[in-house]
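Hi,

Here is the structure I promised to pass on.

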Amino acid sequence: MFPTADQALRMDRDGVAVWHQVFPQDHLSGLRAEFNGIMAASDRGRAGVRSPLARSMALCELAESAAMRRLVEPILGPTAFIARSLLFDKHRAANWDVAWHRDTTIAVRERIDVPGFGPWSVKSGVHHVRPPVRVLANMLTVRLHLDDCDESNGALLVVPGSHAARHLDLAGPIDAVDCERRCVACSVPGGGALLMRPLILHASKRTVAPARRRRVLHLEFAASMLEGGLRWFEERAGLA
């Protein structure tokens, strides 16, 4: 159910993996209700919510559970901690395409100008910055799915191995045609998880089954503190 040493090595090679049952099916209805309550309080027409763990004890307990520890530690080690959390909700009223990209920025508590970190931006009042590649390469994203997800309702498309290029130009152009040729779709059942390295090339399409929702708790894990006084935006307790 959880990564073995060999599976962790394959995860590092491919930059992506799917686990089919991370939390029990009988937990789904309660988690969906919790998710729906957060979205309703934040404006139901929105496509997502930042920092949901600060709003929900149930989601916080899930994110910091023993099951998550067993999922993340074989890849990042025992010092791993949550650096940022998001909710994504793709449905009839919030249906969008996401172009090919890498996740190249992190959320921090305040702006401190440190060599190698930049450019800066502000999203929903939170400072974001592009860190050195070494920081992003030592992170892991876990997307916990509350609904069955396939290509009809916005499954993530990824280019396996694209996180591991020797010299990544984070500001350079992306060949979308080549990505479409090489990509695979990551179908994930409700209760399962998609693990990926932030630097992997990924995208998603608009849902063609608008009656089906795609609710995702997106967690970004790091394994070390930032330099120069910078602090991860959430910097939740370690998993150890």
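V122 has H127 in β7 as its bridge partner. That pair belongs to the antiparallel pairing of β6 with strand β7 (residues 126–129), which are joined by four bridges. Strands here are DSSP E runs of at least two residues and helices are H or I runs of at least four, numbered from the N terminus; two strands count as paired if DSSP finds at least two bridges between them.

Before going on: this is a predicted model, where local features need pLDDT of at least 70 and side-chain atom pairs count only at pLDDT 80 or more, while totals for chains, interfaces and linings use all residues. Residues are numbered from 1 along each chain as its sequence is written, and side-chain values use heavy atoms, with hydrogens and water left out.

Back to that sheet: it is open, has three strands in the order β5-β7-β6, and pairs antiparallel. β5 (106–108) and β6 (120–123) are at the edges with a single partner strand each, so one side of each has no neighbour in the sheet.

Now for β13 (residues 214–222). Nine of its nine residues are buried, so the strand is largely enclosed by the rest of the structure. (Buried means under 20% relative accessible area, exposed over 50%, and partly exposed in between, with a 1.4 Å probe and protein chains only.) Both faces are covered: R214, V216, H218, E220 and A222 are buried on one side, and R215, L217, L219 and F221 on the other. Strand β3 (residues 81–90) pairs antiparallel with β13 over nine bridges, and F81 has A222 as its bridge partner. β8 also runs antiparallel to β13, joined by seven bridges, with R143 partnered by H218.

Which strand holds H145? H145 sits in β8 (residues 139–145) and is buried, at 3% relative accessible area. Beyond four places in sequence, the residues H145 touches include F23, L28, R215 and V216, where contact means heavy atoms within 4.5 Å.

As for the nonpolar cores (sets of buried Ala, Val, Leu, Ile, Met, Phe, Trp, Tyr and Cys residues joined through side-chain atoms within 4.5 Å), the largest has 35 residues, and V22, M68, V142, L144 and L195 touch the most other members. Helix α4 (residues 66–76) gives this core its largest share, six residues. A second, separate core of 18 residues includes I106, V108, L136 and L168.

Last one: R10, in helix α1 (residues 5–14), is partly exposed at 39% relative accessibility.

Cheers
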